[in-house]
Amino acid sequence: PTVLGIETSCDETAAAIVRAGAGDARGEILSNIIYSQFGEHARYGGVVPEIAARAHADKLDRVIKAALSEAGTDWDAIDAIAATAGPGLIGGLIVGTMTGKAIALARGKPFLAVNHLEGHALTPRLTDGQPFPYLLLLVSGGHTQMVLVRGLGDYERWATTIDDALGEAFDKTAKLLDLGYPGGPAVEKMASTGDPDRFALPRPLKGEARPDFSFSGLKTALRKTATDLGALTDRDVADLCAGFQKAVTETLEDRVTRSLARYRAEITDISPTLVVAGGVAANKAIRAMLERVCAEHGFAFLAPPMELCSDNAAMIAWAGLERFRRGESDPLDIAPRPRWPLDGDSAPRIGSGR
Ligand code: ATP
Ligand code: MG
Ligand code: FE
């Protein structure tokens, strides 16, 4: 089938068309259009929900048209419409799901309400035909999770952050050091010229038996260190970034290793694979660490191309396609859900009081 995907859960307005035959392990991306609202939010130092919702409403129809025209398809060739129904900012979710439902209704096509995290989780199948099961490290602006992907719709969260997400920690560090938004790339760039060992920063939860993540203690320590220094020189900023990046990389290594060991102990899998997804997967130090740790533990390591790690609609179309081709679709009274854990139930109906 051929599926139109719509993504509006945060600050990218995206539409994509993905095609795969009934037995195809991977998908073919016919188009993948992303309008990033970066410019709308930059002056506020973060995403402003109301501005995001308005920008989605303003741009989505054109983004969908562009996805159709780049794919060279017309509506007749589209078999189903998939839209992100959560988790995310409610205004954007409403714009995306209502648009998707309206198209589905007007064109008489099935509608699929997709969990954004399921989109991230299934991306290595879209790109590489990765078979089930596998371990997923999702490191984005809103999530830091270790997920066992057993099968389609069968996810088990093994670890999560008990405070900030990793991308959020990068963004807060950038804000503290006046490096702009989004902060990850800026912090990484500064870190490359700094001394990672000049400041003693904590490695939260390192050595703990539980596999969870934590980054807020590190943020507090960084703030205190910066405040104690007073006026910061470029060298100070570079050293703080390098220290921060080293601390998160080391903590992450320790945390990820716990889940690799658990996978080894509990899952029968002759070719275990760790997949990374989310915007933080762009970080070279973190990628290099994951590659090394996987090699040390006999895991294959898979990182989808960057444009499919961060938010996009191809992953939403693919998640919809996988469900559609096994006979699923969702009713049009399904409601968007700002909170929707990957291992939770399906989205509720509008008016069901859930
Ligand atoms: P979610 O998927 O949880 O809803 P999101 O859509 O905000 O969150 P993404 O778009 O996947 O997340 O990723 C954005 C995050 O990735 C930002 O926090 C950004 O700072 C971070 N990031 C991007 N590039 C890098 C990098 N090179 N190093 C570290 N972090 C990075
Ligand atoms: Mg984003
Ligand atoms: Fe995302």
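Q: How many of the 13 residues of H4 are buried?
A: 12 of the 13, so H4 is largely enclosed by the rest of the structure. Buried means 20 or more other C-beta atoms within 10 Å of the residue's own, exposed means 12 or fewer, and partly exposed is in between, with C-beta atoms placed from the backbone. This is a predicted model, where local features need pLDDT of at least 70, side-chain atom pairs count only at pLDDT 80 or more, and totals for chains, interfaces and linings use all residues. Residues are numbered from 1 along each chain as its sequence is written, and chains are lettered from A and ligands numbered from 1 in the order in which they are written.

Q: Where is the kink in H4?
A: At Leu122, shortly before Pro124, and it is about 45°. The bend is the angle between axes fitted to the seven residues ending there and the seven starting there. Helices here are DSSP runs (H or I, at least four residues), as are strands (E, at least two), numbered from the N terminus.

Q: And just after H4, which residue takes a positive phi?
A: Gly129, at about 65°.

Q: Different topic. Which residues does the UniProt "binding site" annotation cover?
A: The unreviewed entry lists several, among them Gly142 and Asp171. Such annotations may be inferred rather than shown by experiment; positions are in the numbering used here, and feature names are shortened.

Q: Is Asp171 buried or exposed?
A: Buried, because it has 25 C-beta neighbours inside 10 Å. Asp171 lies in helix H5, residues 166-176.

Q: What is Asp171 in contact with, leaving aside neighbours within four places in sequence?
A: Gly141, Tyr181, Pro182, Gly183 and Gly184. Contact means C-beta atoms, placed from the backbone, within 7 Å.

Key: Two residues are in contact if their C-beta atoms, placed from the backbone, lie within 7 Å.
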